[in-house]
Amino acid sequence: MMVGVDGRQVFIHTGGGPAEVEGSRVVLVHGAGMDHTVWRYQTRALAHSGRVAYAVDLPGHGRSEGEPLPDIEALGRWLIGLLDALEVERAVLIGHSMGSFAVLESSIAAPDRIKGLILLGAGDAMPVHPGLMAAAGAGDHLAVELIVAWSHTGSGRFGSNADPGSWQQGTGARILERGLGRSLAVDLQACHGYDAGAVAASVAVPTWIITASDDRMTPPAAARRLLEAIPGAVGSTVPAGHFALLDCPRLVQVEIVKGLEHFESGARATARG
Amino acid sequence: MSIHAASRPDPVTGARVTPIYRSTSFVFDDTAHAASLFNLEVPGHIYSRISNPTVAVFEERMAALEGGVASVATASGQAALHLAIATLMGAGGHVVCSQSVYGGTINLLAHTMARFGIESTFVQPADHAAIAAAIRPTTRLLIGETIGNPTMTVLDIEAVAAIAHAARVPLLIDNTFATPYLCRPFEHGADLVFHSATKFISGHGTVIGGVLVDSGRFDWEGSALFPTLTDPYPAYHDIDFVDEFGPAAMAARARFEGLRDFGAAMSPDTAFALIQGLETLGPRMDRHVANTRRVVEFLLEDEFVEWVAYPEVPGHPDRSLAARLLPKGAGAVLAFGVTGGREAGRRVIESVEVFSHLANIGDVRSLIIHPASTTHQQMSDAELEAAGVAQGLIRLSVGLEDPEDLIADLGRALRRAHR
C-alpha cells in the first residue's frame, strides 16, 4: 500500500495479512541500498501471526518517492512520521543493518511510540571501507559484489537455504542493484557517520539484538558492544552472516517472534545473552 | 560453484554427497506449521510435485551458476519452456521467437500453444528490425537460443534484450547448447533462461530434465503487462507475487502455480544425476570444446565436406559475436554438409561406428543425426528452409572420446559414402 509521509508517497508491504487484528504493529526497516523485499521471509509470516506488519521502502528506495535521507537521525525521525501516517500509536520497530541504526534513533526521538526494538545486523558502529564507499559513489557494480561477498558468509557462502530453488546471493545482489546509483552511496555514508555506541545508553525501550555469528559487516564483537551499552538489552545468535534474514529465514523468524513475545509479555529485559 | 553451491554435509548422517530424498511428502512440525507452509508464510517442503530437497539442490545450484535468484526444475526442457510461457501469459498472449531454435520449440509455439490462444511470430535472429517489428501490444515474451539449433547461429543477446526491454517484455534464452560454463545470458541482458538439462548438464545421456532460471532483474511492476505477477491471485488468498517475493516473483509463481497445477516436476533421482553432471560440467565442457575444434579442423579439410557450420569457423557470420559471448568456446554441436546431398548424408550416418545415430546432444558419447528426417521432421519444407535446415545437413554432438578416434570414424564414413 502507499501512504503519504512528508508529502511523499511511501510504499509499504503488509504481507497479505488481515488488517483488523489487535496484535502488535511491527515496522520492518531495511538496510543500506535495499528495500522491503529483503524482509520477504519475515513480513508474510508476521502478518499471519496475529500482528500487523509494515515492511517499508524508505524514501528514495524501492517504490517510495523522494531522495534517500542523508543521515541516521533523519531516518529515525522519519520513521516516527511514518507511524503518524499509519495512525499507529505504538509499534515494535525491527531494523536490519542501517535499519537497526534508524530504529535506534527513533527510540531516542520518541520512546513513548516504541514498544520495543529488534536489531539484526547491528553493531556499535558500522565503518564502511573506503573502497566500498568509492565504488558505491561511482555506481560501480563492484559495490554490490563486495557487499554480497561480505554479507552471505558462514552458512550463506554456499547456499543450501530453506527456500527451495532460491539462490540468496543472487537475491541480495538484485536488491542491492536497485539501490546502486540511487540510494546505496548515501546510505553507506550515513552508516559510516553514525556512532551507535554513543547513543546506546540513551535507549530506553526494550531491545532485542539478533547477532549473526558469521557477520563480517557488523561482526559479533560489535553487536556485543552495542548490546552491553543498551540498558537491559537482551540478545540471541543465529549461525549466519550479515544477510541472515535471507540465508537463515526460519531461524530469524523464530528469533523475531521470541523478541516480540518478550515485548508483548510486558517483561522488561533483565538478562543478557 | 558447480561443485559446492547449495550442498553441505547432511546434518544428521554426515553424508557429503547430496542424498536422494525419494519421499513424496514431508512431515509438518504441527498444524500451525502446516498452515504456514501452505500459505507461503515460511519456506519448506510439502509435497515433491512442488519441491523436494534433492531437486532443490539442483535448482539452487543452477540459479547460482546462471547468476539468477531462483530456478524451478521440470520434467524436461520442453516442460521448462511451457512453464515460462504459461506463467507469463494466457490466451491472447503473443510470443516472438527466433527461427533458429529446436524443432520442438517451434512445434510447441506454432501449433500447440496456438491451440490455447497464444500466438507466435518467428523471425530471423540476426534481423533485429524484424524482431522489433514483430512485437505486438499483446507480446509478452521474446525467445531465442544462445547457439541456434541446428544452424549454429549465435544470438546477439544484448541487442535482442534491448529490443525486448524497449517493449517492456522479458527475453527468455534457451542456454542448452552453451551451458552456464560457456555463456551466462543474464550477464548480457537476458531475463530468463531455460535448459534441457538432459543434454550437457547431465552429460551422460541418462536422464530427462529441464530447468527455468529467473534472473530477478525484470521489472514486472514497472512493465505493467504481467498481471499474473502483479495482481492479486485468488488461489493463494489474493497474494501479489511481486510484493511477496520481490526479485524471485516469476520463479515463485512458476513453482506455486505451474508445478502445482501442471505437475511437470523433476524426480529426485533425476536431480541426483543432474547434480553429479554439474560437478564435472567445467572439465567436460573444456574437453567437449577441444574435441569439437579438432573435428571441425578435420572436416574443413575433407574433400567430401561442402561446408561446416560452427561459430568459430572463419567466415561464419557470427564468428565475432561468438568470440564475445562464448570466449571459452562455441559448444560441442556443429553441422556440416556432405557432397552428394541427402543420399550421401544418409550413407555417412549409416557408416559411422563410433558416433551413435540418435536424437540427443550433450552426451559423453559422440552423436550424429540428420535433422530434416528426425528432430525437425514435423516441420514443413518451408519451415525447414526458414529455420536454415538444409536437406543434407548432418548435425554432430562431439563427445569426450579421443578426438583422433572421432576423426578416423568420420573419415572412414565419408569415404564409404562416396564409393
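Both faces of strand β7 of chain A are covered in this predicted model: A:Thr207, A:Ile209 and A:Thr211 are buried on one side, and A:Trp208, A:Ile210 and A:Ala212 are buried on the other. Six of the six residues of β7(A), which spans residues 207-212, are buried, so the strand is largely enclosed by the rest of the structure.

**Strand β7 of chain A and its partners**

- Strand β6 of chain A (residues 114-120) pairs with β7(A) in the parallel sense, over four bridges.
- Within chain A, the residue that stands opposite A:Trp208 of β7(A) is A:Ile118.
- Strand β8 of chain A (residues 234-238) also runs parallel to β7(A), and five bridges join the two.
- A:Thr211 has A:Thr237 in β8(A) as its bridge partner.

**Helix α7 of chain A**

- Helix α7 of chain A, residues 184-192, is mostly covered, with seven of its nine residues buried.
- The buried residues of α7(A) are A:Leu184, A:Ala185, A:Val186, A:Asp187, A:Leu188, A:Ala190 and A:Cys191.
- The elements of chain A that cover these buried residues include α2 (72-86), α3 (98-109), α4 (130-137), α5 (142-151) and α6.

**Contact between chains A and B**

- Chain A contributes 24 residues to the contact, and chain B contributes 38 residues.
- On the side of chain A that touches chain B, the elements giving two or more residues are α1 (40-47), α6 (168-179) and α11 (249-264) of chain A.
- By class, this side of chain A holds eight nonpolar, 11 polar and five charged residues.

**Overall form of chain B**

- Chain B contains 17 helices and 12 strands.
- The radius of gyration of chain B is 22 Å, which agrees with the value near 22 Å for a compact globule of 419 residues.
- Along its principal axes, the C-alpha trace of chain B spans about 75 × 55 × 35 Å.
- Of the 419 residues of chain B, 55% count as buried.
- Among contacts in chain B between residues at least 6 apart in sequence, 72% join residues at least 24 apart.

**Domains of chain B**

- The domain assignment divides chain B into domain 1 (31-277) and domain 2 (280-417).
- The C-alpha centres of domain 1 and domain 2 of chain B lie 28 Å apart.
- The contact between them draws 28 residues from domain 1 of chain B and 38 residues from domain 2 of chain B.
- On the side of domain 1 of chain B that touches domain 2, α4 (103-115) and α7 (179-182) of chain B are the elements that give two or more residues.
- The residues on this side of domain 1 of chain B comprise 14 nonpolar, 12 polar and two charged.

**An open sheet in chain B**

- Five strands of chain B form an open sheet in the order β8-β9-β12-β11-β10, with mixed pairing.
- The edge strands of this sheet are β8 (305-309) and β10 (356-357) of chain B, each of which pairs on one side only.
- Strand β8(B) pairs with strand β9 of chain B (residues 333-338) in the antiparallel sense over four bridges.
- B:Val308 stands opposite B:Phe336, which belongs to β9(B).

**Positive phi values in chain B**

- Most residues other than glycine have a negative phi.
- B:Ala6, a residue other than glycine, has a positive phi near 75°.
- B:Ala6 is found in the segment before α1 (31-38) of chain B, and B:Ala6 counts as buried because 24 C-beta neighbours lie inside 10 Å.
- B:Asp238 is not a glycine either, yet its phi is positive, at about 65°.
- B:Asp238 lies in the loop between α9 (227-230) and α10 (241-245) of chain B, and B:Asp238 is exposed, with 10 other C-beta atoms within 10 Å.

Methods:
Residues are numbered from 1 along each chain as its sequence is written. Chains are lettered from A and ligands numbered from 1 in the order in which they are written. This is a predicted model: local features need pLDDT of at least 70, side-chain atom pairs count only at pLDDT 80 or more; totals for chains, interfaces and linings use all residues. Two residues are in contact if their C-beta atoms, placed from the backbone, lie within 7 Å. Ala, Val, Leu, Ile, Met, Phe, Trp, Tyr, Cys and Pro count as nonpolar, Asp, Glu, Lys and Arg as charged, and the others, Gly among them, as polar. Two strands pair if DSSP finds at least two bridges between them. The radius of gyration is taken over C-alpha atoms; the globule rule is 2.2 Å times the number of residues to the power 0.38. A residue is buried if 20 or more other C-beta atoms lie within 10 Å of its own, exposed if 12 or fewer, and partly exposed in between; C-beta atoms are placed from the backbone. Domain bounds come from an automatic or database domain assignment.
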